[in-house]
Amino acid sequence: MGPLKGIKVVDMTTVLMGPYATQMLGDYGADVIKVESLDGDVTRLIGPMRHAGMGPVFLNTNRSKRSICLDLKKPAGREAVLRLLKDADVLVYNVRPQAMARLQLGYDVVSAINPRLVYAGVFGFGQDGPYAAKPAYDDLIQGATALPALMAQTGDGVPRYVPNALVDRIVGLTAVGAICASLVHRDRTGHGQRLDIPMFETMAGFVMGDHMGGLTYEPPLDKGGYARHLSRDRRPYKTSDGYLSVIVYNDKQWENFFKATGRDDLRTDPKFATFAGRAANIDVVYAELARIFETRSTAEWIELLTRADVPVMPMHDLASILHDEHLEATGFFPVVNHPTEGPIRSMKVTASWSETAAEPVRLAPRLNEHGAQILREIGYSEGEIAAMVRDGVTRAAPE
């Protein structure tokens with residue numbers, strides 16, 4: 001059942017960052033109860049779909065969860081959430097803390113009814129700075145942490161966002177680690193705590209960990225930046241019939257590369273012969289590799305470099321990665337039968353444990369699919385549930 005079996009998580013998150021984190025907690029065995037608005041998580045509406053409200057972004061970030069919808073602006077909806085939290089281990093939310101306070105669900109209120117709760121917020125900015133109340137989205141944080149500037153520097157000079165919800169995913173991963181660490185502390189001490197995971201600070205550390213460079217020192221030794229990452233020639237190499245991802249990094253790999261390609265001239269070139277020489281002349285090194293790789297086909301290079309123990313991988317696109325031989329062998333993209341959506345392609349849990357195997361316990365739920373069940377678990381009668389539906393606090397069970 002996974003290493004987090006027995007942990008109850010109340011998930012008040014939407015879009016990607018929070019749902020990605022809580023999906024992982026669910027995959028690891030936690031009972032994740034997703035509290036949605038009466039309209040549902042907005043990602044239910046994104047992308048092509050077979051049935052309304054069950055789009056692919058939602059399906060791929062909300063498995064291993066149960067769904068209940070509640071109107072938290074109504075007293076009865078707030079009361080239901082407080083009942084859920086009474087014996088919960090974790091609450092995860094991704095609105096601004098000010099919004100939680102307006103709902104009267106701030107840490108001071110919730111911790112009073114459950115002092116063992118880990119109260120985890122994933123939102124834009126640390127609460128001790130001038131940006132505390134600002135809204136935040138992936139694109140905004142990418143821009144504010146220099147990623148588009150770096151893309152411009154290494155490309156055609158035009159700033160661009162990374163074509164992935166990079167911030168949401170990284171901050172979500174950070175939240176999982178922080179939540180699990182807080183659960184360890186709770187089990188040692190008996191006390192929960194408030195946990196803030198800000199997007200801006202998390203990504204500032206993520207980006208600048210690579211690119212602080214000489215700015216690490218005071219006074220600075222240079223203008224910052226990791227030269228290898230910023231080389232315009234650091235990209236997949238063009239072959240005679242396609243593209244290839246290769247990195248020749250340490251001295252042993254370079255020696256193997258020289259032998260495999262017969263380039264004894266490079267072995268004695270000071271720009272190529274040592275790690276320091278290559279680092280100082282990285283643009284020259286990458287440019288020469290680009291010329292070399294155009295001389296053979298992709299298949300020829302993969303065979304040659306694999307035999308020489310030089311790191312090489314194919315350059316996939318979104319279609320070809322589904323048929324990668326390693327991912328096919330490990331069953332990474334299983335086709336599973338969703339109870340309402342039919343056959344869908346899923347993705348396996350990437351971490352593995354020798355004693356507590358983890359796998360998705362259920363596929364992504366329909367809106368309010370488990371609402372009545374969850375309300376019964378926290379003490380509501382059938383009559384009370386019917387009244388909540390009548391009063392617009394929740395919805396009827398889906399067909």
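**Helix packing, domains and local geometry**

Helices α8 and α9 have axes that come within 10 Å and cross at roughly 95°; axes here are lines fitted to C-alpha atoms, for helices over the stretch in contact, with angles running from 0 to 180 degrees between N-to-C directions. The two helices, α8 and α9, are therefore roughly perpendicular to each other (65 to 115 degrees; angles under 35 degrees count as roughly parallel, over 145 as roughly antiparallel and the rest as oblique). Helices (H or I, at least four residues) and strands (E, at least two) are DSSP runs, numbered from the N terminus. This is a predicted model, in which local features need pLDDT of at least 70 and side-chain atom pairs count only at pLDDT 80 or more, while totals for chains, interfaces and linings use all residues. Residues are numbered from 1 along each chain as its sequence is written, and side-chain values use heavy atoms, leaving out hydrogens and water.

On the α8 side, Leu166, Val167, Asp168, Ile170, Val171 and Thr174 meet Met199, Thr202, Met203 and Phe206 of α9, contact meaning heavy atoms within 4.5 Å. Sorted by class, this contact of α8 with α9 has 7 nonpolar, 2 polar and 1 charged residues (Ala, Val, Leu, Ile, Met, Phe, Trp, Tyr, Cys and Pro count as nonpolar, Asp, Glu, Lys and Arg as charged, and the others, Gly among them, as polar).

Helix α8 (residues 166–189) also packs with α1 (residues 17–27): their axes come within 8 Å and cross at roughly 45°. That makes α1 oblique to α8. In α1, Met17, Tyr20, Ala21, Met24 and Leu25 do the touching, and their partners in α8 include Val171, Leu173, Val176 and Ile179. The tally for α1 with α8 is 11 nonpolar, 1 polar and 2 charged residues.

Zooming out, the chain splits into domain 1 (8–206 + 330–391) and domain 2 (237–314), with bounds from an automatic or database domain assignment. Their centres, taken over C-alpha atoms, are 43 Å apart.

Two bits of backbone deserve a look. Val15, in the loop between β1 (8–12) and α1, has a phi near 65°, a positive value in a residue other than glycine. Glu218 and Pro219 are joined by a cis peptide bond, with omega about 0°; Pro219 sits in the loop between α9 (199–211) and α10 (227–230). For context, most residues other than glycine have a negative phi, and most peptide bonds are trans.
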